[in-house]
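Subject: Handover of a structure

Dear colleague,

Please find the structure below, followed by an account of what was found in it.

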Amino acid sequence: MTSAPPLAASPKVAPMTHRQVLTALSGLLLGMFVSMIANTVVSTSMPTIVHDINGSQADYTWVITAALLATTVSTPIWGKLADLVNRKMLLQISLIIFVASSAVAGFSSSPEMLITMRVFQGLGGGGMAALSQIVMADIISPRERGRYMGLFGAVMAVGTVGGPLLGGWITDNMGGLTPDGMGWRWNFFVSVPFAVAALYLLQKTLHLPKLEKRKVSIDYLGIVFLGAGVSLLLIWVSMAGDAATASFKWASPETVWMTSGAAILLLAFVITELRVKEPLIDLGLFKNRTFTLAVVASISVGLAMFGAAVYLSQYMIMARGATPTMAGVMTIPMMAGLLIISTVVGALITRTGKWKRYVILGSALLTASLALLGTIHYDTNYWLVALYMFVMGSGLGMVMQNLVLVVQNAVSPRELGVASSAVTFFRSLGGTIGVSWLGAMLANRLPSLLGERQADLQNAAVELQKSDPAAAKAFNEMVASGQLPTPASMPETIRPIFEWAYGDALAHVFLLAAPLALVTLIAVIFLPNLSLSHQTRSERADAEQEQPAEGEPVLASPIAATGAAMAGSDTGQGALPDDAGSSHGAPLTGGDAAPGTDQEQAAQEIPTDGREHHGRHA
């Protein structure tokens with residue numbers, strides 16, 4: 001496999017001041033806000049939206065999965081392009097795609113149209129997710145990232161907490177402003193003016209180091225194989241099952257050919273990546289232990305996070321009878337935990353340089369919270385559920401962004417874009433599989449629970465037929481059509497039975513996600529405890545340019561000396577713990593590295609291409 005071409009450093013640029021960083025971040029933060037608000041504003045109203053366009057539980061799952069699938073497939077593409085062409089332009093393009101598709105989704109009249117627009121939302125969202133992390137590495141060093149977490153926390157607070165509240169209020173109160181009375185359509189339009197402002201700010205304030213101009217080679221074959229393989233796998237997960245609503249059984253000819261086809265396509269993708277000049281995902285990165293373990297952790301945290309969090313709003317609406325507005329209010333504890341803890345932990349990481357303890361603690365909290373959510377019912381005391389959600393949000397706040405941070409800190413600057421997007425890709429992949437699989441488990445579990453209450457349902461139906469024949473007929477037609485029912489549309493005699501069934505079925509989903517989070521905990525325990533660099537991407541690239549030529553002593557400069565001390569952390573030699581207290585970019589204290597010591601030995605074993613170790617020179 002051909003290694004990535006060297007990243008040519010731009011002419012040396014003086015380090016940005018705090019004010020300059022804030023100015024550069026303004027457009028990026030607003031762009032992230034637009035992306036978040038466009039997603040979260042529809043989260044609490046999605047059950048209502050799917051119901052109004054005559055969608056089923058399977059449609060509900062695919063509305064969520066379609067965006068995640070497109071995000072998953074497109075993320076490594078955006079990341080690779082970020083290493084090749086203008087990242088600012090890519091960021092603006094992804095924002096335009098995202099917001100334009102959101103606006104069109106507001107006119108959806110069928111599940112098929114909504115799902116299609118969600119695919120385009122995912123394409124743009126994949127760019128926003130990958131490029132925002134890459135751009136931050138251009139202007140903020142890993143060690144200083146926590147200093148700005150408060151700003152990102154504020155944006156996340158407005159987007160993740162305000163979005164669902166705004167979306168619920170719009171759905172409940174703005175029906176009079178649409179011809180069909182469906183006020184939720186404004187949820188898709190609300191982000192447009194913010195997007196225009198974000199594009200303007202990005203153009204005026206974001207100035208990034210220029211990349212070396214070179215011939216660009218896009219791995220189109222890899223894109224096709226990856227997209228087809230992952231899509232086929234997810235379609236199988238969504239359609240298979242043992243319930244009457246499933247398209248085919250788990251053990252069936254359809255399962256055999258779909259899983260075999262997905263395996264062949266993904267194998268073809270791996271072979272392609274080993275042969276092409278510019279691979280979509282550089283498989284050589286897996287030689288780096290930090291990258292490999294972060295990928296494993298990201299897959300499992302994506303499975304747990306997306307797979308469980310997506311169904312929290314559905315639990316509030318379907319099991320507790322909340323309106324979309326109230327569902328937004330009721331899920332605030334999870335968002336509050338994520339925002340508060342991520343901000344506090346970010347500041348602590350910047351001040352102390354210690355990160356691993358927080359990632360391990362966060363993974364443990366995530367695992368415990370999912371296990372606890374697996375014990376809830378439709379009538380569980382809300383404050384207990386709120387506590388579980390807060391613990392879950394706290395765990396996510398310690399894990400999610402820090403996994404990207406440690407990977408950016410551990411790879412060479414020339415591979416920072418593809419490495420960052422790869423971690424985001426695998427997290428999205430895990431989330432997409434999680435939503436599809438857990439959605440299938442929910443669709444299978446729900447009918448069996450309703451079957452246990454068949455006698456109660458029959459008695460309630462008889463009573464309803466006597467008291468309100470018209471309501472009984474309408475309800476029977478809705479159930480027969482496979483439409484996703486909401487408690488607000490159910491007769492009072494039947495509603496408690498469905499709330500009980502949804503409560504237990506959704507708790508089963510959370511319980512299934514807990515072992516997946518445990519994989520995250522195991523993976524992060526074994527992450528190498530590397531010190532965080534004080535240098536931005538361009539500064540690290542300049543440092544690489546100053547490395548001695550091949551054949552010269554590796555310890556010829558202070559930068560090389562520090563790199564030597566940190567080298568071998570993925571091989572078990574000379575690893576420097578994150579609380580070592582040495583200043584990055586400065587030589588180690590004199591006299592401690594005598595000839596023949598482990599540090600000198602580690603320096604001699606640094607690979608000449610620097611793939612695994614150059615990210616630790618600073």
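Phe 286 is partly exposed, since its relative accessible area is 30%; here buried means under 20% relative accessible area, exposed over 50%, and partly exposed in between (1.4 Å probe, protein chains only). Please note that this is a predicted model, in which local features need pLDDT of at least 70 and side-chain atom pairs count only at pLDDT 80 or more, while totals for chains, interfaces and linings use all residues. Residues are numbered from 1 along each chain as its sequence is written, and side-chain values use heavy atoms, with hydrogens and water left out.

The ring of Phe 286 pairs with that of Phe 426: the centres are 6.2 Å apart and the planes stand at 80°, so the pair is edge-to-face. Rings of Phe, Tyr and Trp (its six-membered ring) pair if their centres lie within 6.5 Å; planes under 30 degrees apart count as stacked, over 60 as edge-to-face and the rest as tilted. Phe 286 belongs to the loop between H10 and helix H11 (289-319), and Phe 426 to helix H16 (residues 416-452), so the pair ties together parts that are 140 residues apart in sequence. Helices (H or I, at least four residues) and strands (E, at least two) are DSSP runs, numbered from the N terminus. Phe 426 is buried, with a relative accessible area of 12%.

By the ring rule, the count comes to 6 aromatic pairs. One of them, Phe 107 with Phe 189, is tilted, at 5.2 Å centre to centre and 50° between the planes. Phe 107 sits in the loop between helix H4 (87-105) and helix H5 (111-139) and Phe 189 in helix H7 (residues 186-189), so this pair ties together parts that are 82 residues apart in sequence. Phe 107 counts as exposed because its relative accessibility is 57%. Ring pairs also link Phe 107, Trp 186 and Phe 189 into a cluster.

As to the protein as a whole, its secondary structure comes to 22 helices and 0 strands. Of its 618 residues, 58% are buried.

Which residues have the most contacts inside the largest nonpolar core? They are Met 46, Tyr 311 and Met 316, in a core of 116 residues. Such a core is a set of buried Ala, Val, Leu, Ile, Met, Phe, Trp, Tyr and Cys residues joined through side-chain atoms within 4.5 Å. Apart from this core lies another, of 35 residues, among them Ala 38, Trp 78, Leu 95 and Leu 206. Leaving aside neighbours within four places in sequence, Met 46 is in contact (heavy atoms within 4.5 Å) with Tyr 60, Val 63, Ile 64, Leu 114 and Arg 118.

Two buried loop residues complete the account. Gly 374, in the loop between helix H14 (356-373) and helix H15 (382-410), is buried, with a relative accessible area of 17%. Beyond its neighbours within four places in sequence, Gly 374 touches Ala 507, Phe 510 and Leu 511. Ser 141 lies in the loop between H5 and helix H6 (149-173) and is buried, at 3% relative accessible area. Its C-alpha is 8.6 Å from that of Asn 409, although Ser 141 and Asn 409 are 268 residues apart in sequence.

Yours sincerely
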